[in-house]
Amino acid sequence: MKILGGINLLLLLCASIFAGYEVNALSYDYTASIECLEKPHKPKYSGGIIVNPELKHGLKGWSASGNAKLQHRESQGNEFVVAHSRNEPHDSISQKIYLQRNKLYSFSAWIQVSNGSVPVTAVFKTNSGFVYAGSIVAESNCWSMLKGGLTVNSSGPAELYFESDIASVDIWVDSISLQPFTEKQWKSHQDQSITKIRKRNVRIQALDAQGNPLENATISIQQKSSSFPFGCAINKNILTNIAYQNWFTSRFRVTTFEDEMKWYSTEPSWGHEYYSVADAMLQFARKHNVAVRGHNVFWEDPQYTPGWVKSLTKQQLFAATAKRLHSVINRYRGQVIAWDVVNENLHFNFFEHILGSKASALFYNMAIRTDGATTMFMNEFNTVEDSRDGLSTPAKYLQKLREIQTFPGNRNAQLGIGLESHFSMAPNLPYIRASIDTLAAARLPIWITELDVKSSPNQALYLEQILRELYAHPQIQGIIIWSAWKPQGCYRMCLTDNNFRNLATGNVVDKLLHEWGLRAGLTSSGMTDANGFFESSLSHGDYKVKITRPSAVTNSSLVQTLNVAPTTVSHQPLEIQLSV
């Protein structure tokens, strides 16, 4: 080691959790299967509180729901129950259980149907109503995993059953699990996950020129940038409002334009393109080192399709869509980090109705041929927000994604999963987590693209609960909050008032940015111990480290940049020796 002065700095970055960081809690199983298998897996958590989860004891614990007939069967050593002779959607199998208000329940089951490809939903009938825990598109001749979750508003008896609108099919069920977690256990999952996937431990040792430890040296660490993309939408108001600019740029390094890249903004009349506002906003973002998600190329909701488009013939519409796609993607190629190519094509089908059911897949094919280096996302709502919405369940999302992937030329496309996350009610945290688990099995990047919470007395509380759940999930790669500021009010949730003073929601965001170490400029400091060591847990990102010698006579110091990156190897130190 070359000695140039009086202080040497040894940095040891370890991927392990600090010694002694243990939580006595049942671990959460983030795995999910999206394959249709010959045999189901064993029930998670050995079935949890479910009686006879593997049907090893006949129909013990199980009874018929509605007028279904039940039959216990065995095939290749696997035992299961079949609900047949169904006439109503709720005709199936059921089990009575007791649910507690202060518990969070992880649910899973393996489902098969007698023929076809049929949605099947797990439902809990409680004293206060019906709770939908999750849904799967079940197949015949193989088993599909349904993973979901629920909470309840009050403690009391409940009944689990399975539901399908297609009453002509038999429903086969096996490997059922319902595992309760306390709120403390659930939070421990989040904390452990954040420590494991979002942070690394830094151990700094200060040495003098002779290699001796420096006790009471001052260590200051300032964050320069965060590796996790946590941002907020903006709109054209930011171009002329300095206060808005200052508030935004002091917090965020990624954004989405609320409206300015959408088709109705860039081509308000046929053949007349208008990109000046989007160009100016992109220039602003680039000036402040803010990454931009491209949003969106097409929106299947006819309400948000340019008015002139609706009067086009099929041939004219095809030509117009091709021109639109090539125009906007070519213009911003290399300047955006992602594209929402088709928005909300599970709930709406304006283009597919006219151009055919493969229109979405074709649009993605055109997009990847225009810009193959950028990840192309689907973008949809209610996939994690509302378990009652059967149009956009994780299973339906993945089904649509497979249609896009299997379209000729799309097999190796860089695709992504966009979850809008517009919450209108108290969040069902177990369902959110389980839904992301299921989507993550597709092994594609997952972003939260438009997060907001409907106004209510609990808006800020719900926002914090949702953000903690999302940031802690190992497969979430970015979060965008949908709070672009307008003087007349934001879409559904503002973070500030019109003077850019934080509202309760803004306070939540600032608190979490600080807690998670995601805001540039955050600093931490401390003193080295008797052996010259200083320890800290830092979020992934770039930092400036300053060490000052503990001497009034020789007040020398050293400043060094440091990149804290994730590692897959436990206990592997990164040693950096510095001198001043």
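A nonpolar core is a set of buried Ala, Val, Leu, Ile, Met, Phe, Trp, Tyr and Cys residues joined through side-chain atoms within 4.5 Å, where buried means under 20% relative accessible area with a 1.4 Å probe, protein chains only. This is a predicted model, in which local features need pLDDT of at least 70 and side-chain atom pairs count only at pLDDT 80 or more, while totals for chains, interfaces and linings use all residues. Residues are numbered from 1 along each chain as its sequence is written, and side-chain values use heavy atoms, with hydrogens and water left out.

**Overall form**
- The protein chain holds 11 helices and 27 strands, counted as DSSP runs (helices H or I of at least four residues, strands E of at least two) and numbered from the N terminus.
- The protein chain is as compact as a globular protein of its length, because its radius of gyration of 27 Å is close to the 25 Å that the globule rule gives for 580 residues; the radius is taken over C-alpha atoms, and the rule is 2.2 Å times the number of residues to the power 0.38.
- Of the 580 residues of the protein chain, 55% are buried.

**Cores**
- The largest nonpolar core has 102 residues, of which F230, W339, F363 and I479 touch the most other members.
- Helix α10, spanning residues 459–472, gives the most to this core, with eight residues.
- Another core, of 35 residues, lies apart from it and includes V118, V120, A122 and A395.

**Contacts**
- Beyond its neighbours within four places in sequence, I479 is in contact (heavy atoms within 4.5 Å) with residues including F228, F230, W447 and Y471.

Terms used
Buried means under 20% relative accessible area, exposed over 50%, partly exposed in between (1.4 Å probe, protein chains only).
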